Amino acid sequence: MMKLALALIALVALAFVPAFAGPYPLGLGIGILGYGVLATAWAMFSGPTRYISLATVAFFGLGAYTVAVLADVLPYPLVLVVAALVGLIVALIVGLATLRLAGIYFVIFTFGLTELVRQLVTYYEVNVTRTLGRYVFLPLEPEHIYWQLLALLAATLAIAFWVRRSRIGLALRVIGDDPVVASHLGVRITRTKLTLFSISCVIMTLAGAIQAPRWTYIEPSIVFNPTTSFLVVIMALLGGPNRLFGPLLGAVPLFLLFEWLSANFPNHYSIILGLLFIAIVFVLPNGVLAAGDSLWSRLTRKAVQS
Amino acid sequence: MTLLSLHNVTKRFGGLTAVNGLTFDLAAGETVGLLGPNGSGKTTALNMISGYLPVSDGAIALSGDTISTLGPERIAHRGVARTFQLVRALPSLSVGENVLAALAFRKEPVWGKAAEARIGALLADVGLAGRADQPADSLTYIDLKRMELARALASDPKLLLLDEWLAGLNPTELRAGIDLITSLRQRGITILLVEHVMDAVRALCSRCVVMNAGTKIADGPTSEVLADPEVIRAYLGEDHA
Ligand SMILES: Nc1ncnc2c1ncn2[C@@H]1O[C@H](COP(=O)(O)OP(=O)(O)O)[C@@H](O)[C@H]1O
Ligand SMILES: [Mg+2]
């Protein structure tokens, strides 16, 4: 109850940020919220199952593209609904194709699928519509985008909270620990994974859709940039993918760090990112906070024994 | 009344036939030992019954319905539970959550307050009272086996498959383990018991099925089967026959 009250107070306080913040801090706020949503949604599925998905940006980009294509045709709220549906359908297809894979094969497949989606969109634009880039003109100010993302973040955290307390969340953890045991206990593995994967992907799609108007000009290389997928993994793993607020707490400092790095070391940025990715995936798969926890419990256990 | 029936069940791994035309029935309420030297196909037989491995040939039926075409989750929902020869705990879950995982995904799920009470009772049954909040990966090997049994019992199975559950216990623990399985038998659970500990087999099983190199070589009352020269030969090797 206490935590819920605190979360609501924080939410209300954050809603007032655009009233005080100038354009630059507001832009940072939008970036943080956007990555906070992506990292939280990513961890909802990948935290308990330990399936490292690199498909984040495929859904993010599909959301953005849906808005770019439909903004002139449909009312904005309806565009978001269509984006969510597109995300859902692609998630079901990708999920059915990949969720039987395990470990590194899943990582590679999701990465490859992202490239495939990008190539398909590019192909379609070049050969069918004969335009590569698109302009997005929507009467949305940055603060509107900020508020939408804040609402999406709140919804995402609420869903993540519910998942953690529900049977499906437990099912996902059991599958992550041992799929053989899971199936022998009666867990419907494919259905469970597909459900959570889809929820997670629809949220990612909406994150892309909501942020589309920020760019004004959209093309596949911008909205399907694989760096985004890697960044999200780093954020979630660093913050702790099995904690409710872990991915969000990872997103804040890392987003600021990467903003600074990309501004100051544009040439070395990718190398730094790659090294960080490898280090985190191999060294701290449960997150820095969890590593701190286990160190703490080890120290206290020793203290008790001695 | 027949609960489980295997008819001509065969499992081939490439060129190796691990189980070859295995046929036997289990009556409801029976405790039957499945014996045989290492590599004779006992675990593979259990794996086919629980749905972990598909059969290469033959059929398995539970209460008359074919289950050998179903996956493990559907077979679990029909009342089959098991333990594994090499204990499979869910290491990132607590002891209580390991049991909860079995309650939560039953055909009629048990969840929330009702589950808490059940977890307490199940853990107490296997000698792990009050250990629900402990991380599963902090348990000793013996306690992991106990936890795995509590998890199997949580599904209220009609048929329980135990794969060398008593292996590695010291004499005191073995006594307790035999008593525990006896109490399950008294509750009416049908048990198929893969076991090398002969004292336990004699104490628990009225009947035994013996396999050698994938084939059934004996099936009958425990005392007769254990005195069968072919069984002794299979166990001890040709020299001792
Ligand atoms: N998954 C598998 N793949 C290939 N061979 C296997 C597999 N499982 C078991 N076997 C082989 O099948 C035979 C029977 O093994 P198993 O059923 O484990 O015997 P037991 O439990 O009686 O000791 C052994 O030769 C074993 O090597
Ligand atoms: Mg075996």
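This is a predicted model: local features need pLDDT of at least 70, side-chain atom pairs count only at pLDDT 80 or more; totals for chains, interfaces and linings use all residues.
**Exercise 1. Describe the make-up and dimensions of chain B.**

Step 1: Count the elements: chain B has nine helices and ten strands. Both are DSSP runs numbered from the N terminus, with at least four residues (H or I) for a helix and at least two (E) for a strand.
Step 2: The radius of gyration is 18 Å, close to the 18 Å of the globule rule for 241 residues, so chain B is as compact as a globular protein of that length. The radius is taken over C-alpha atoms, and the rule is 2.2 Å times the number of residues to the power 0.38.
Step 3: The C-alpha trace spans about 55 × 40 × 35 Å along its principal axes.

**Exercise 2. Which strands form the open sheet of four in chain B, and in what order?**

Step 1: The order is S2-S1-S4-S5, with antiparallel pairing. Two strands pair if DSSP finds at least two bridges between them.
Step 2: S2 (16-27) and S5 (65-66) of chain B are the edge strands; each has a single partner, so one side of each lacks a neighbour in the sheet.
Step 3: Now look at S4 (residues 57-62) of chain B, which pairs with S5(B) over two bridges. Here Leu62(B) stands opposite Asp65(B).

**Exercise 3. Is Asp156(B) buried, partly exposed or exposed, and what about Ala213(B)?**

Step 1: Recall the cut-offs: buried is under 20% relative accessible area, exposed is over 50%, and partly exposed is in between (1.4 Å probe, protein chains only).
Step 2: Asp156(B), in the loop between helix H5 (141-153) and strand S7 (159-163) of chain B, counts as partly exposed at 47%.
Step 3: Ala213(B), in the loop between strands S9 (207-212) and S10 (215-221) of chain B, counts as exposed at 57%.
Step 4: Check the backbone too: Asp156(B) is not a glycine, yet has a positive phi of about 50°, and Ala213(B), not a glycine either, has a positive phi of about 50°.

Note on methods:
Residues are numbered from 1 along each chain as its sequence is written. Chains are lettered from A and ligands numbered from 1 in the order in which they are written. Side-chain values use heavy atoms; hydrogens and water are left out.
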